[in-house]
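I am opening a notebook on this structure. My entries follow the order in which I looked things up.

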Amino acid sequence: MFEQNNTDRNPFASTNANNALWSLSAQNSANNGSRGGSLPANSPQNAYSTPTLPPSSVINLSNSSDVVIGPMTQYQGPVTIYQYMDATVEARSMQANAINSSRTTTSTTVSQRVTFTSKLLILLLILVILVVGIILYVELMRPKSDGHAIYFIPNLGDGHLVVERDQWGSSENAKNLTIPLKHPIPYVMITHIGVQSQPCYNIYKCSIKMRSIQDAAIAEKALPDIQSNFYVSGDGYIYVGRGWHWANTYADRTLAITFMGDYVRHKPEKRQVEATKYLLAHALTNKYIALDYKLVAQNQTRKSKSPGAYVYSIIKKWPHFHPCGENNNPVCGSELGMAPYPWDAHA
């Protein structure tokens, strides 16, 4: 690629180069002359001999090839070229790659989270729809109560709670009652379970006793339901039997209240007696019983030990007690045309 020049090809020895140099020298001489100075007539032809004249930087080349100006290094043999990158540039490049990788990873993670959350929300929505559908189905399929459903009285106060039929576990085998109880009711009759029955003192045992009484009435006595309208337990709770709107087994125009236990042998509890008074006060307030209602014991209407001597001795002292059927007094209900209507109708 490089061709060394001999003396014959030296540009400084060529005529064209000498002419160029003398032309530059002449111009410089003219310029110096115009400034008030002149060169001697016998100036040397070599411009480098004049200190005031710098070497020329103008080189004219023509019809030349493979010309190199300045130093050149030649290598003979195989050459390997290594490229070294600035440390700062390399660090920035690595940082940019790390940021891009982090952004890609973060984007993938967020996308995965969004997908998981969406699936979870869809699953929860499906579960809610299923639960609502089941509730609606159960409510729609529940049998509708007729217009003569048993009335559930509220709590009577002072801790005397009312336990409704569903709460004590009323039997599904109970038949629909057919004899309505007209208001206001003129008579209230007090009875007891008897037959050596033990009093009960908590809702668990009393609920079992209520179900036993109902099952015996349906299975053994062929009655459509339990006998009395209400039952009073030893803890002062009141259990709904036939309620306010249906006649009891004993007489159509009476409200039957039964003490749960055998009160020929046991004394009634104070709270039990108090709960009965609360129940009668509630009946008066809501006009279920007449203002001048007559309170009687079952043993006044038929030959019986009910409600037991202990209970009978207590209710005889109450204001509305009516001494019918004893001591040559008229038969109970005769003033209403109930006699000789049986007081044990088994209805």
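**Entry 1: confidence**

For my own use, pLDDT is the predictor's confidence in each residue, from 0 to 100. A contact means heavy atoms within 4.5 Å. Where pLDDT is low, the predicted coordinates should not be read in detail.

This is a predicted model, in which local features need pLDDT of at least 70 and side-chain atom pairs count only at pLDDT 80 or more, while totals for chains, interfaces and linings use all residues. Residues are numbered from 1 along each chain as its sequence is written, and side-chain values use heavy atoms, with hydrogens and water left out.

Next I looked up the average. The protein chain has a mean pLDDT of 78, and 67% of the residues score at least 70. I then asked which elements have the lowest and the highest mean pLDDT. Helix H1 (residues 15-34) has the lowest, 45, and strand S3 (residues 230-232) has the highest, 97.

**Entry 2: overall layout**

I counted six helices and six strands in the protein chain. Both are DSSP runs numbered from the N terminus: helices are H or I with at least four residues, strands are E with at least two. Along the sequence I read the pattern α-α-β-α-β-α-β-β-β-α-β-α.

I checked how far the contacts reach. Among those between residues at least 6 apart in sequence, 71% join residues at least 24 apart.

Then I turned to burial. Of the 347 residues in the protein chain, 30% are buried. Buried means under 20% relative accessible area, exposed means over 50%, and partly exposed is in between (1.4 Å probe, protein chains only). The protein chain exposes about 23500 Å², and carbon and sulfur atoms supply 56% of that area. These areas come from the Shrake-Rupley method with a 1.4 Å probe; for residues, only the protein chains shown count as cover.

**Entry 3: a nonpolar patch**

Which residues make the nonpolar surface patch? I found Phe116, Leu120, Leu121, Ile122, Leu123, Leu124, Ile126, Leu127 and Leu130, with an area of about 880 Å². Patch residues have over 30% relative accessible area and no salt bridge; like charges are joined within 9 Å, nonpolar side chains (Val, Leu, Ile, Met, Phe, Trp, Tyr) within 5 Å. I picked out isoleucine 126, which sits in helix H2 (residues 87-141). Isoleucine 126 is partly exposed, at 44% relative accessible area.

**Entry 4: salt bridges**

I searched the whole structure and found three salt bridges. The test is a side-chain nitrogen of Lys or Arg within 4 Å of a carboxyl oxygen of Asp or Glu.

Arginine 165 and aspartate 225 meet at 2.9 Å, N to O. Arginine 165 lies in helix H3 (residues 165-168) and aspartate 225 in the loop between helix H4 (203-219) and S3, so the pair ties together parts 60 residues apart in sequence. Arginine 165 and aspartate 225 are buried.

Arginine 211 pairs with aspartate 215, with the closest N and O atoms 3.1 Å apart. About one helical turn separates them, because they are four residues apart in helix H4. Arginine 211 is partly exposed at 31% relative accessibility, and aspartate 215 is partly exposed at 33%.

Lysine 294 pairs with glutamate 335, with the closest N and O atoms 3.8 Å apart. This pair links distant parts of the chain, 41 residues apart: lysine 294 is in strand S6 (residues 289-297), glutamate 335 in the segment after helix H6 (309-315). Lysine 294 is partly exposed at 24%, and glutamate 335 is partly exposed at 42%.

**Entry 5: disulfides**

How many disulfides does a search of the whole structure find? I found two, taking a disulfide as a pair of cysteine sulfur atoms within 2.5 Å.

Cysteine 200 and cysteine 206 have their sulfur atoms 2.1 Å apart. The torsion about their S-S bond is about 115°, so this disulfide is right-handed. Both cysteine 200 and cysteine 206 are buried.

Cysteine 324 and cysteine 332 have their sulfur atoms 1.7 Å apart. Their link is right-handed, with 90° about the S-S bond. Cysteine 324 and cysteine 332 are buried. In sequence order, the bonded cysteines pair 1-2, 3-4.
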